[in-house]
Amino acid sequence: MSEQHYLELCEKPVQFEHASNVNNVFFDEANKQVFAVRSGGATGVVVKGPDDKNSVAFRMDDKGEVKCIKFSIGNKILAVQRTLKSVDFINFIPDYPHTEFTQECKTKNANVLGFCWTNWNEIVFITDQGIEFYQVFPDKRSLKLLKSQSINVNWYQYCPETTVILLSTTVQGNILQPFAFRNGTMSKMSKFEIELPVVPKPAKLSLSERDIAMATIYGQLYVMYLKHHSKTANSPSAEVVLYHLPREGACKKSHVLKLNTTGKFALNIVDNLVVVHHQSSQTSMIFDIKLKEPDCAVNTHQPVLPARSIHPYRIPLSGPTVVPSQPPVPCQLYSSSWSVFQPDIIISASEGYLWYLQVKLTPTVNLLQDKGKLMDFLLRRRDCKMVILSVCSQILEGGEKGSLPVVATVFDKLNQVYKEYLEAEQSYAAVNVKVLYLTDVSRVQL
């Protein structure tokens, strides 16, 4: 049955102390770090990153319940939010004072919803009344306000890959205002509206933070909206609507992913594929927005493959009472305790595991019967060469020999990719020759 599972959890997950009455677990989406905070930090904070080099352990004074905790890029400065009015900072730069310093939000009567590091020494406070962009001076143990923007905020999302913060505004929450941060500057991008299935009367908050995610797909930033089934709107099933968010210009609705079912969903991005997890059926489906459907203003997509469960995963037993011969216990997939983060992270705080979701290409060969579509799908994936060779072998000499038109289609697609590769190589070589020529000319002139 394993050949049917095209999604799997990584073999070596990040392990941390599971959540309990004395241990709170936090996740930092920028550094991909898990924080296990015991007793407010007084009995220890352990930070686990994608690899052992990012692991840190320390203690800090218990000054109240920790609401949010994150390192700046490179683990240079730690920021901790304990109240709705301020954020505390601790230097982790060698030879700098290790004592805490505090910054209160500038806006009167505002509450801090959270914060995001956009650089090793630049941080954004998101409040219910706007955003405040600061530069941190670790040597002086102080912050300088670079820029602020007043706007009523319901909730926010952050995409660390593009350093874009998305704010939910207005009473219904469906007017989204993005801001981009780069090299000490804050840019206000074009706001846009999420089309709600039903407009409530009287107006109330109708767009949940849980139904919005930001991710980079094929190098472009998208806002993904999980549009649930609505009886009054006569929509038979849920769908994921993708809004393309460029740095400049208007945000446009560009893709609709048909889920053909209802219930609770979660989203991941793996190898430029949109993965939609469905809790009640305990299955996942994948979408490739590059697989073109018939031309229309908004591309509508069906799942590339039949819905399948993530490959079963077993958790090794640990602890002093474990007998070496005891077998690993099955992990409960699609658990209600799972938390999903972009692009490809699944966390079980109750079990103390962080996994990276992965795509297995080999099972797709038999699940996708249209060989032309299969080649289009495989050619856009990482580590696709051996699987493509197996497809070629299958249609040429295997038990499932393809017809001449099928063979022609497969090799036409391979030849097209090879042609594009050669043209790119020639273009690159021409640019290099031009640079060398200009360099030689400048030397002669000198």
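View 1. Lys253 is partly exposed, with a relative accessible area of 27% (buried means under 20%, exposed over 50%, partly exposed in between, using a 1.4 Å probe and protein chains only). Lys253 sits in strand β23 (residues 252–258) and Glu195 in the loop between β19 (192–193) and β20 (212–217), so the pair ties together parts 58 residues apart in sequence. Helices (H or I, at least four residues) and strands (E, at least two) are DSSP runs, numbered from the N terminus. Please keep in mind that this is a predicted model, in which local features need pLDDT of at least 70 and side-chain atom pairs count only at pLDDT 80 or more, while totals for chains, interfaces and linings use all residues. Residues are numbered from 1 along each chain as its sequence is written, and side-chain values use heavy atoms, leaving out hydrogens and water.

**View 2. The salt bridge of Lys70 and Glu29.** Here the side chains meet at 3.7 Å, N to O. Lys70 belongs to strand β7 (residues 68–71) and Glu29 to the loop between β3 and β4, 41 residues apart. Both residues are buried.

View 3. Strands β3 (residues 23–28) and β4 (residues 33–38) pair in the antiparallel sense over six bridges (strands pair if DSSP finds at least two bridges between them). Phe27 has Val34 of β4 as its bridge partner. Four residues lie between the strands, and Lys32 takes a positive phi near 55 degrees.

**View 4. Ile310 in the largest nonpolar core.** This core has 39 residues, of which Leu9, Ile286, Ile310 and Trp355 touch the most other members (a core is a set of buried Ala, Val, Leu, Ile, Met, Phe, Trp, Tyr and Cys residues joined through side-chain atoms within 4.5 Å). Helix α3 gives the most, with five residues. Beyond its neighbours within four places in sequence, Ile310 is in contact with residues including Leu7, Leu9, Trp338 and Leu357 (contact means heavy atoms within 4.5 Å).

**View 5. Cys331 and its surroundings.** Cys331 lies in the loop between β29 (329–330) and β30 (338–341), and at 8% relative accessibility Cys331 counts as buried. Among the residues Cys331 touches, not counting those up to four places away in sequence, are Tyr313, Trp338, Glu351 and Trp355. Glu351 is 20 residues from Cys331 in sequence and 9.1 Å away in space, C-alpha to C-alpha.

Conventions
A salt bridge is a side-chain nitrogen of Lys or Arg within 4 Å of a carboxyl oxygen of Asp or Glu.
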